[in-house]
Amino acid sequence: MIRIDSHVHIWNVGEVRYEWPTPSDGDLYRTIEPPELKPLLDQARIDQAILVQAADHEQETEYLLRQAEEHDWIAGVVGWVPLERPIDAAKQLERLTRCPKFKGVRHLIHGEEDPDWLVRANVIDGLKLLSQHNVPFDVVAVFPNHLKHVPTVAERVPELKLVLDHLAKPPIRDGILSEWERQLKQAAAYPNVYAKLSGLNTACDWNDWSADDWKPSLEAALEAFTPNRLMFGSDWPVANLAGSYARVAEATEQATAMLSGQEQQAIWGGTAARFYGIDSISKEEGRDG
């Protein structure tokens, strides 16, 4: 079974401009690149990883693609195009889709002042461009401002594959999941919507959490999506705010241990490979490359 981490970040603070992290974010504000990540993947028996954008500009996407080309075990890049400017987005997509490791697009929706940014008419037009190019979209649908818009997008752009990053950040710390669960089910009713089991540790009390804290959210996600539309993601190095790569991987193993082998295979690699169109390399290439 090929194991894929569907959501990791790297960044070079000397080469790329980021809104986050900033110098006030301590150890996260430094250059973090593939050689630091690879031993963590090996320890967790992860064969491939997908780099996900952390800045809404073209410069970072180019940086990520260069890194992906240098490392066989990087299966793909989720980059950025200016969805709110469809003419410019179309030009960038024409070029980016010629890159074999360009696998998707994301925009930092939660950083926009307008909580309804995702359903603006010009953004919908940009998302239609993604659909035309068969490029998936990662939705930073942070609850409660954005998850509610996912059904609207799924209806207006029915051929677009969507994936909810971090299960849309369920309010685990608050312990009141009913409205999040209702909106999650509404989103999952559309077969083109998937979700990542990622970022759950930072949705908990950073200093006191375990896999048991994830169970209500995980059970809701399994019921809504089934494992065939769920994928593992570490959200490293952001995960370090509340633990480590190893701890997140171990907690995910514990939280999914009750599933069948086939269901676990979907979550740990199969779903991500299908969603992003990844031709999996061999385990030997992934761990040694």
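**Reading the inside**

Author: Let's start with packing: the buried residues of helix α4 pack against α3 (86–96), β4 (102–107), β5 (137–139) and α5 (150–156). Contact here means heavy atoms within 4.5 Å, and buried means under 20% relative accessible area, exposed over 50%, partly exposed in between (1.4 Å probe, protein chains only). Helices (H or I, at least four residues) and strands (E, at least two) are DSSP runs, numbered from the N terminus. This is a predicted model, where local features need pLDDT of at least 70 and side-chain atom pairs count only at pLDDT 80 or more, while totals for chains, interfaces and linings use all residues. Residues are numbered from 1 along each chain as its sequence is written, and side-chain values use heavy atoms, with hydrogens and water left out.

Reader: Which residues of α4 are buried?

Author: Val123, Ile124, Gly126, Leu127, Leu129, Leu130 and Ser131.

Reader: How do I check the span of helix α4?

Author: The expected span is 1.5 Å times one less than the number of residues. Helix α4 (residues 121–132) has 12 residues, so it should span 16 Å; its end C-alpha atoms are 17 Å apart, which agrees. Just after α4, Asn134 takes a positive phi of about 55°.

Reader: What about the largest nonpolar core: which residues have the most contacts inside it?

Author: In soluble globular proteins, nonpolar side chains tend to be buried together. A nonpolar core is a set of buried Ala, Val, Leu, Ile, Met, Phe, Trp, Tyr and Cys residues joined through side-chain atoms within 4.5 Å. The largest here has 88 residues, and Leu127, Leu130, Phe137 and Leu164 have the most contacts inside it. Helix α7 (residues 211–225) gives this core its largest share, eight residues. Apart from it lies another core of 13 residues, including Tyr194 and Phe275.

Reader: And what does Phe137 touch?

Author: Leaving out residues up to four places away in sequence, the residues touched by Phe137 include Leu83, Val105, Leu118, Leu127, Leu130 and Leu160.
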